[in-house]
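Hi,

Here is the model I said I would pass on.

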Amino acid sequence: MPRWLFFVSTAAVIAGAIGLGAAFATRPNEGWLWLVVNFVLFWGIASGMLAWAAAFRVAQATWTPVINRFAHSAVRTAPLLFIVLIILIAGLRGYVPWIEHPAKGKEAWLSVPAFAVREIIAALLFWGMSWLLVRWSLAVDAKPDVPDADARRLNGVAVVVVVVFALTSSIVAWDFVMSLAPEWVSTVFSAYYFCTNLYAGMAVLVLIAAALRKPLGLEDRLKPHHFHDMGNLLLAFSLFNMGLFFAQYVTIWYENLPDEVWFLILRYDKGIWPPISWTSFILGYSIPFLLLQSRMIKLSSKLLSMVAVMVLVGVGVERYILVVPSLTPAHLVISPVGALSVLGFAGMFVVSIGWFLSRYSPISSADEVLEK
Amino acid sequence: MAFTRREFLRGIGLAAGGVAIPSVAYDRLIPYLNQPEDIVPGVSTWFATSCRECPAGCGMVVRNRESRVVKCEGNPLHPFSRGKLCPRGQAAPQGLYDPDRIRQPLRRSELGKLEPVSWDSALSELGDMLARKPRVAVMTDLQTGTLDALMRAWLAALGSDRLITYEPISYEHVKDTNGGLIPTYEIAKSDFLISFACDFLETWVSPIEYAIEFAKMREIRDGKRAGFVYVGPRVSMTAANADVRLMVSPDVIEQIATAFLEGTLERDARKYGIDPDSAKAATDGFAAAKRPLALPGLAANTCCGTAIFNARRDTGLVNRSRRHALSYVSSAADVDSFTRDTESGVIGALVIHNANPVYAMPQSERFTEALKRVPVVISLSSHLDETTAMAGWVLPSNTPLESWGDYAPYPDVVNLMQPAMGTLFDTRQAGDTLLALARAAGVNTKQSFKADTFVEYLRTRWSLAGEPWQELLQRGGKFAGAPAGLTATPITGYNTLGDPPVDRRAASLPGSTADPHFHTAAPSIYSLRLWAFPDSYLYDGRGANKWWLQETPEPVVKGVWGSWAEIHPSTAAKLGVSTNDCVKIENGGASVSVPVYVWNGVKPGTIAIPMGEGHTDYGQFARGVGVNIWPLLTEDVPLVNVTPGGGTQWVARIRGSTDQSHRAIVQTASLGENWSREKPIIMPLPSGYGKRDFYPGNKYKKHRWAMVVDLDRCIGCHACVTACYAENNLGMVGAEGVFRRREMSWIRIDRYVFDSAGHGYDIPERRGDAGSSLGRLLFQPMLCQQCDAAPCEPVCPVFAASHSEEGLNMQVYNRCVGTRYCSNNCPYKVRRFNWWDYKWPEPLNWQLNPDVTVRCRGVMEKCTFCVQRIRQAEITALREQREVMDGEITPACVQTCPTGVFTFGDLMDKNSRVSSIIETDPRAYQVLAELNTKPAVIYLKKVI
Amino acid sequence: MANVELKRIDEEVLQSLGRPSPRYAAVMALCALLMAAGLTAYMFQYYLGMGVTGLSVPVGWATYITNFVWWIGIAHAGTLISAILFLFRAKWRNRINRAAEAMTIFAIMTAGLFPLVHLGRVWVFFWILPYPNWRHTWPNFKSPLVWDVIAVTTYLTVSTLFFYLGLLPDIAAARDRTEPGVRKRLYTFAALGWTGKYDEWRHYARTYLALAALVTPLVISVHSVVSWDFAMALVKGWHTTIFAPYFVAGAIHSGLATVIILLIPLRKALRLERVFTLYYFEQMALLMILTGSIIAYSYGVEAFMSWYSADVFERQFSAFRAFHSPYTPWFWFMVVGNCVVPLTFFWKNARTNWAWLLIASIIVDAAMWFERLVIIAGSLIHDYLPSEWGWYVPRLPEVLMTCFALGFFTFAFLTFVKLFPSAALSEMKHDALEREEERI
Amino acid sequence: MTRIRGVFDDWDAFKDALRTLKQARGSGYTAYGPVNLNEVQDLMPEKSSYVRGWSTLGAASGLATFFLMCVLTSMIFDLVVGGKPPVSRVPYVIPTYEGTILFGAIFAFVAGLIYAWVGLRPLPAGYDARFSGDAFGVEITCDPAEREAMSGLLRDSGAVEVYEL
């Protein structure tokens, strides 16, 4: 990876560490808050990327050997996320409301041990499977050709990863978002979470592809039509996610049931949060949807990566909106500290995938054969 | 007792009597050429008269629109019914408009068919016959006062005195145990009531009166209320209202009474087959009581038990000086001897008036045979009932709503009757017929009756007593202390053949004869105690020709349109039958086959069947529905043989679970604790919407109608349901319709078991409401909640369901396309769909309320809070340039409820009664409040 | 040599337009019979009232609405195959899309009948449509039923346009290969004078792309809207936010199954074995694994959430549906049929076995129908007030109307495949040439 | 001006012809064929098509129309149902969405037909039925002088038949 990027991201990491440290030192609950936000965001992106790799593999997509390998790189963020998860579990008391006021009838599910157990199992399962996927894909690179056995086991694990991705993302959604507002229930929410993860994941893939196209000399491997296709996927998912969002919103709006509405009213209807929420929605979904209508944008890696950045910002702010208001309904929590922490995580993220990509060949030969 | 202006107007029947109003059948609206003096098109006239649907004799005012009777309501001036009516009273117009009424005189031809004949020829022929001085007898239903006097005078004139006042349910044993009369039980004064199988809230003697008194007695005064224990084999509606219900076999009721007095009840609980806890509860209540009072049922031993009880603990609450008219019913002995005479052929001519012994008489076939031996039988009934069907001559009488007369349920209460509309068919007053017959027989009526017509006779009789006729007529009768000359003379039975009065008590006291451990040593599974109870609406069977009564569900089992036999699951297990299987019941040579309904609301070893169904005649609504168990009643509670088999037949019931499944639908507050609201009331007003609502709700300009329903007062009598049928032109769906869950009632009485285990996943059909004995029942009137955020409204594609600016959920029939989405989305399921075009066979359609649309097939309908009455009041107020007064608007259900469950009013008016109740009463809650529909019907918790 | 290949394609496909065999005719006659029966039943309902159905007060919707939802679902696969896969450039769609699209059109028509059939006063159905009128009354655009009307009509219109556009060049091909006569005149008319000029092709391609791009979001939205008929209500078992994606997946699921059911006999009947080869069926089978697992996910989440919600109604209801309801057997049938059966397609020799393909698809379709019934009637029989719990059993008119739907659909489809080329000629030629490219 | 048409049964020959024509003339020729392939489109003189623009326009108008319909009708007929405001934006998204697609599609279709000049018209004189089946055609519009050269060009690039209209 380019040195400048390395330095920048290391700097970011340090800044973020300082920021979070400061937060915990001064206002611990805020520190926890930011930690949760970052976890939800980056777990989402990383798992989304891997899910793409698996999905392309399952679909036997013919145009993605490079993109798949970029996606594989997300597996390197596992240690970081795992550590954060452990910290979060250890510090549950610091931010979840259902420990001092147990939610009636939900004690079985919303209890510290249950929480810890299922989260750790989920993490092990997902990252374990993804690790297998990546490892087996790398193993193929070493070989001159692709033995059927390898191809088959790769397909197999890919399917597993896709399934596990859906389940584990759902659990993360329930535990780190829904459980913060214990009375709230929405069946589509978990699906919404992992679909937006795929969205964000694709955005990151676009960025990586745009960034590393020249440095790795992949001009002939990443033709405009690759970006066009990725752009179309972004387009499709921006619409689909808006659809899911609307499905949830209209359903809850229509019957106005006290248990359901509060979560949405707080964020999208009354009080201080709606401006932020709607901004994130428009920035993350609506505007990209409109921009991506244009073939020209989709074909150019530069313009497309701008859209991708927009998407990531939108989704990031949305994650913040999903987490924070449940804990501090009355007042906004916006501080440089928070910004820094996000920066820090972003830095870690870049470092880890950079490390991966500088290690391994950017072309997954297992998928390459499919092109032929 | 305060009146609103409206009520008062009703009270004084505007039409001062005397004018016979022509009844015209329009097919189109044509303005009057010359207007009858007292008919203003579009304005109703109210006539005060007396209800004659049962011997209770409640006061009634009848609403007449364009010379047609359209609705009956209680007479607010009446001393004991106080403006309330029971379902039977409400259904009176259906008797009047019964499509199968006898429309002209009939005589039996050689071929044995009844064929039309003109009055003149009938009278002349019968006159000749009577002139030949046969031994004449008259058999009538309970009549007091003028008609009674006339009948006896008429008999005398024809040289006879055989007048039999026949009431199938004669309260024989109540009389026997009270020195030959039926006293008034002043339950309101008592503080502990024991009912020995006495269903005084449905059918017993004077249900409305006792319901009102009951409500008074049950009022909570400084955290206390009078206790009520029911002893009996079946959960009747009355039993469902008891604090403690002692489910015992009919045979031990008398022992229970003594056990109470001797305080051995708790000890011997097991012996009597009742659970010790309830026994204890009952005993404690009794011990604490200062003025306990027992009420006798129909069976002999219940009466004996009561007699012993009231004698030992005499608290002066049994008022024998105020005897009920039913005291004058001919005793069984008289009927017996009369039957014997008839058999012996002494009776030459028998005039039958409204009595129906052929249908309703224990072991009736004996009487039927006897009747065949009477040469001339003349029936004066208005309906072709079984007895009339056997008569040689039918000289149809007017129904009570078309008749003059008087009726004195108590010495101090004499109701006057006046026609509320002109005669519908070619029928006459019974009195006039009698007079005409006498004249035809050569009697000079002017001399011997001082009158040529019955009206004349009546008026002379009253004016002799120097009564202000007009005023009394307007008030509906003479209510304060009857003056001399008007008291109905007591009749103590005739034994012209001089045989001594038989004491039938000894004969019919299974309690005293049978072994007291009877219930423990279970009877052979093939012989059960038959507990025949008068149906809440059909009574002894006389209501069966009115479909409102057929379709109003029995309060507890919810059965309609037919008979069923209630048996306990354990008994069912022994018999090897389940709900809807038929069993054959035999006794005294008669037998019926009837489907069973298995549930735990009845004592093991007992089989309970309602009376009143199984008519072979009596019109299209009665004929062939259910079974008639009168022939089986060799004694009060006979042991009958029950054989399973005979196929299956659906018991037409309004089904659904009685199990609340922890949903807190009927909420309860326990007596003696200090109550508080768990949840605040979500007002159906803009103030009810807060920051947890997505939208702002409705704006109201002037009114927001709302209702308070006091569950603690509801006894489940269904008067409101029938009133709604009458007021709002609800269609008849029949047995199949009810079976398919298509009943049209806009208001229904749900009932839930209080201590339900919560295993409420399926409907009783498949669970049979198991469990040894049924828990306490809670009644809940359920009608459209007029929600402010109504789920039914937004889903309608065409705005047929929308919200009025007075807060009502409007249903625009003309706009409705019938998607039924609103009904699906109504959590209270109070919307009703027109599955067919419902028919009102001529002339039943004459009763239709002209203020209410008749809905066509394919549209949804629902409770409107009687919007027509609301508009009426608003218009009146407008005309008088004032605001609508609180309490001025009374929807039909509110109007007729005997116990005052409902309060209707305006929420925008902070001082209205509804507002203040909702504000202050800690028992107030909303059903399914968690759905945030903001209902405008606020319930007050049941007090347990 | 390209043209040999192209000629072969023409011959193979166009031969299917020949005179129908007796057996073929017999099947159509049977369909006609079913339609007649259904119409008779409907006449009774029309003249007597909704009373002839098994509906009641707790259960206002059942078989009719089930049919509506089910047929709309069937329709989705067609659009999916022809539009979405077109956008994803999945080659394998190109042969089956014609049949699939035809299926879509007829399925929507069939579905469209039922909202009318279930109306209490069908003679005023047009009050639901927004049209200017002297009464100044308008439909309620907040009502899911109005959304339905708009969505379904849009869907019918757009997919018909899309379908016709795809058909255009093939009609021309047929036109040029039929002897003068009625058919020829029909084709000449329908081909709108298509000459195959490349200027025509250019605009044609853009239009096709535009329509495909529009119909894709449409197809997702239509079944979401249908699902909102239920999700908007507060009936337990209806009111849940996941319904939109869940119903869409279900729709495509049953749609794919139906395509398989239709094409397996068709390829025999029309001797198109070499056109509709096993490969295409395999692809659809694999797609069904995906849709099936989405449905499984939805079932799971719904059940879990009803427990998690700790709401007495929710918990009791899902327990009721799974264990105590009269529909319980059907509930489990739908779970197995929709989620487990498709999983067998993981095994190559399951998805390459004609018999199993057919059987599995039939199971899936049936299961999907019962899913709709269990959701619609099964929820209504057990809502908030126990006193109003009921049950539902369909009665003859409903059964016959369901038969009518099947008859109508099959009849229309069979007529179509005899009238127009049932495989996309131009697309197949396109593939043929591209394959040639690759060979060189 | 005369029109010369060459009929190709060989796909590559057809493309060669077009290639040469593109280099030689760049315009004044067109082609016929049973299938549409991008590479052929690339060899054609004319490339632009405004169908998409029309479709976008239609979509926009559909959006406006349906949203206004919802809002205005509920202003005329302003009934509060279920406590929801007469004009509530959330549910109106759905008709608007559908309307957008409906109009977009209709516009696209009509525009497509009009541009492609497909209409209910008799087939042009000299329409060659083979072009809808297995043959391709190249048609050159040139002035009579070039006639020989052009037909030669077509023959050389492998036309099985060359004729003049």
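**The cavities in chain B**

Four elements of chain B, namely helix 3 (92–96), helix 5 (145–157), strand 17 (405–410) and helix 16 (430–440), each give at least two residues to the lining of the largest cavity. Helices (H or I, at least four residues) and strands (E, at least two) are DSSP runs, numbered from the N terminus. Before going on: this is a predicted model, where local features need pLDDT of at least 70 and side-chain atom pairs count only at pLDDT 80 or more, while totals for chains, interfaces and linings use all residues. Residues are numbered from 1 along each chain as its sequence is written, chains are lettered from A and ligands numbered from 1 in the order in which they are written, and side-chain values use heavy atoms, with hydrogens and water left out.

Back to that cavity. Its volume is about 720 Å³, and of its 41 lining residues, Arg52(B), Asp141(B), Asn354(B), Ser382(B) and Pro400(B) are the closest to the centre. A cavity here is a set of points, on a 1 Å grid over the protein atoms alone, where a 1.4 Å probe fits but cannot get out; lining residues have an atom within 4 Å of a point. Grid points are joined across faces, edges and corners, and the volume is the space filled by probe spheres set on the points. Helix 3 of chain B supplies the largest share of the lining of the largest cavity, three residues. By class that lining has 15 nonpolar, 18 polar and eight charged residues (Ala, Val, Leu, Ile, Met, Phe, Trp, Tyr, Cys and Pro count as nonpolar, Asp, Glu, Lys and Arg as charged, the others, Gly among them, as polar).

The second largest cavity has a volume of about 100 Å³. Of the 15 residues lining the second largest cavity, Cys86(B), Pro87(B), Leu201(B), Glu202(B) and Cys717(B) are the closest to its centre. The lining of the second largest cavity has twelve nonpolar, one polar and two charged residues, and its largest share, three residues, comes from helix 7 of chain B.

**Where C meets B**

Chain C and chain B each put 62 residues into the contact (heavy atoms within 4.5 Å). About 5100 Å² is buried between them, 57% of it from carbon and sulfur atoms; buried area is the accessible area (1.4 Å probe) that two parts lose on being put together, summed over both. On the chain C side, Val57(C), Leu385(C) and Trp391(C) lose the most area, together 14% of what that side buries.

Ser56(C) sits in the loop between helix 2 (22–48) and helix 3 (63–87) of chain C. Leaving out residues up to four places away in sequence, Ser56(C) touches Arg740(B), Arg741(B), Arg742(B), Trp835(B) and Trp391(C). Ser56(C) has a relative accessible area of 3%, so it counts as buried (under 20%; exposed is over 50%, partly exposed in between, with a 1.4 Å probe and protein chains only).

**Salt bridges**

There are three salt bridges between chain C and chain B (a side-chain nitrogen of Lys or Arg within 4 Å of a carboxyl oxygen of Asp or Glu). One pairs Asp383(C) with Lys829(B), at 2.8 Å between the closest N and O atoms.

In chain A, Arg69(A) and Asp141(A) meet in a salt bridge at 2.6 Å, N to O. Arg69(A) is in helix 3 (residues 65–72) and Asp141(A) in helix 5 (residues 112–142) of chain A, so the pair ties together parts 72 residues apart in sequence. Arg69(A) is buried at 0%.

Cheers

Notes
1 Å grid on protein atoms, 1.4 Å probe; cavity = no way out; pocket = protein on both sides within 12 Å on 5 of 7 lines; lining within 4 Å.
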